[in-house]
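Q: Hi, please walk me through this one. I'd like to start with the packing.

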Amino acid sequence: MSRLSTIALTALAPLAWGSTYAVTTQLLPPDRPLFAGLMRALPAGLVLLAATRALPRGAWWWKSAVLGTLNIGAFFPLLFLAAYRLPGGVASVVGSVGPLFVAGLAAALLSERPSARTLTAAVIGAVGVSLVVLRAGAGFDALGLLAGVAGSASMSAGTVLTKRWGRPEGVGPLAFTGWQLTAGGLLIAPVALLVEGLPPALDARAVTGYAYLAVANTAAAYWLWFRGIGRLPATSVSLLGFLSPLSAAAIGWAILDQSLTPVQLLGMAIAFTGTLLGQVHYQRRGSVAVAGSGAVSVPVLVSVPMSHQTSFPETPRISSPTR
């Protein structure tokens with residue numbers, strides 16, 4: 001498969017994450033963010049485990065637990081807390097600090113230093129996202145900001161450790177994804193029960209919504225995302241995350257009858273430019289990521305997928321869980 005095809009397939013993950021808000025608000029019961037996170041992670045993880053019939057061995061039991069906690073189990077609750085206490089646009093911009101976290105972690109754990117061009121692409125993308133999602137008079141909440149920053153740090157640490165540890169010999173990204181989703185879902189389950197109580201009654205619309213989130217937005221999307229990280233430079237993959245808020249804005253315009261202002265359109269163009277700059281950069285350098293198992297020594301700079309920031313245009317405050 002060509003590099004361009006791999007990039008295109010990986011880009012499907014953030015594009016799918018951009019549909020989360022529309023699905024959540026239109027199909028799911030309100031005020032159940034942790035249950036939504038549980039229904040996305042645990043069923044998808046169990047399905048992948050059943051499909052691959054592969055379980056961790058040896059040290060990979062605790063490594064999978066750590067990665068599942070950082071990428072899913074801790075990240076989801078922090079994400080939802082930020083979503084409830086911050087306007088969606090502010091939550092998105094807070095999440096865009098992810099590349100800076102990863103740059104520091106990669107320097108410390110992988111002895112890698114991101115180039116000035118890579119950092120420039122990340123800044124350009126973050127500026128574009130800010131123009132798309134921020135609104136005048138957006139409020140700030142200390143706990144919400146702390147949760148947003150902590151969520152970005154959690155996902156960033158998980159991604160760097162994923163690069164550092166690689167995958168066990170003979171284990172593909174599908175099984176690897178299933179391990180993390182299952183571990184993260186099992187961590188969320190008791191928290192959801194304690195905070196939100198017993199699961200709500202589900203009608204056909206809710207079942208359809210949760211099924212879509214579990215299959216398309218989680219099992220398939222995370223598989224594509226981790227597969228991309230294994231085959232492409234991590235920085236190249238991370239900058240594709242800026243496509244998520246652009247997808248959310250386009251879906252909001254097409255399905256939810258939300259308007260797009262000239263400033264938003266400009267922001268979309270800027271964010272897309274930052275994404276392309278990251279891809280062109282690596283094409284010119286000729287960097288190659290090694291697929292398969294083991295640690296991979298490539299430049300790392302990973303941003304949290306923008307859907308994880310619950311950032312959606314025309315939404316002053318998110319009243320239901322998104323991701």
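A: Happy to. Helices here are DSSP runs of H or I with at least four residues, strands are E runs of at least two, and both are numbered from the N terminus. This is a predicted model, where local features need pLDDT of at least 70 and side-chain atom pairs count only at pLDDT 80 or more, while totals for chains, interfaces and linings use all residues. Residues are numbered from 1 along each chain as its sequence is written, and side-chain values use heavy atoms, with hydrogens and water left out.

Q: What about the axes of H4 and H10, at what angle do they cross?

A: Roughly 65°, and the axes of H4 (residues 60-73) and H10 (residues 173-196) come within 7 Å. Those axes are lines fitted to C-alpha atoms, for helices over the stretch in contact, with angles from 0 to 180 degrees between N-to-C directions. H4 and H10 are therefore roughly perpendicular to each other; that label covers 65 to 115 degrees, with under 35 roughly parallel, over 145 roughly antiparallel and the rest oblique.

Q: Which residues in H4 meet H10?

A: Trp60, Ser64, Ala65, Leu67, Gly68, Thr69, Asn71, Ile72 and Gly73 in H4, and their partners in H10 include Phe176, Trp179, Leu187 and Ile188. Contact here means heavy atoms within 4.5 Å. By class, this contact of H4 with H10 has 10 nonpolar, 8 polar and no charged residues. Ala, Val, Leu, Ile, Met, Phe, Trp, Tyr, Cys and Pro count as nonpolar, Asp, Glu, Lys and Arg as charged, and the others, Gly among them, as polar.

Q: What does H4 span between its end C-alpha atoms?

A: Only 17 Å, whereas a straight helix of 14 residues would span 20 Å at 1.5 Å a residue. The expected span is 1.5 Å times one less than the number of residues. The buried residues of H4 include Trp60, Lys63, Leu67 and Leu70, where buried means under 20% relative accessible area, exposed over 50% and partly exposed in between, with a 1.4 Å probe and protein chains only.

Q: Let's zoom out. How many helices and strands are in the protein?

A: There are 14 helices and 0 strands. Of its 323 residues, 57% count as buried. Among contacts with a separation of 6 or more, residues 24 or more positions apart account for 91%.

Q: Back to packing: how do H10 and H11 sit?

A: They pack at an angle of about 120°, with their axes 9 Å apart. H10 and H11 are therefore oblique to each other, and their crossing is right-handed. In this contact, Pro173, Leu174, Thr177, Gln180 and Leu181 in H10 meet residues of H11 including Tyr222, Trp223 and Arg227. The residues divide into 7 nonpolar, 3 polar and 1 charged.

Q: And H3, at what angle does it pack with H11?

A: About 60°, with the axes of H3 (residues 33-52) and H11 (residues 204-231) 9 Å apart. H3 passes H11 in a right-handed crossing too. Phe35, Met39 and Arg40 are among the H3 residues in that contact, and Tyr210 and Leu213 are among those of H11.

Q: Last topic, H13: why is it called largely enclosed?

A: Because 9 of its 12 residues are buried, H13 is largely enclosed by the rest of the structure. Leu243, Pro245 and Ile251 are among the buried ones. H13 (residues 243-254) should span 16 Å at 1.5 Å a residue, and its end C-alpha atoms are 16 Å apart, which agrees.

Q: Is Ala250 buried, partly exposed or exposed?

A: Ala250 is partly exposed, with a relative accessible area of 33%. It lies in H13, and its C-alpha atom is separated by 8.8 Å from that of Gly18, 232 residues apart along the chain.

Technical notes. Left-handed = near helix turned anticlockwise from the far one by under 90°.
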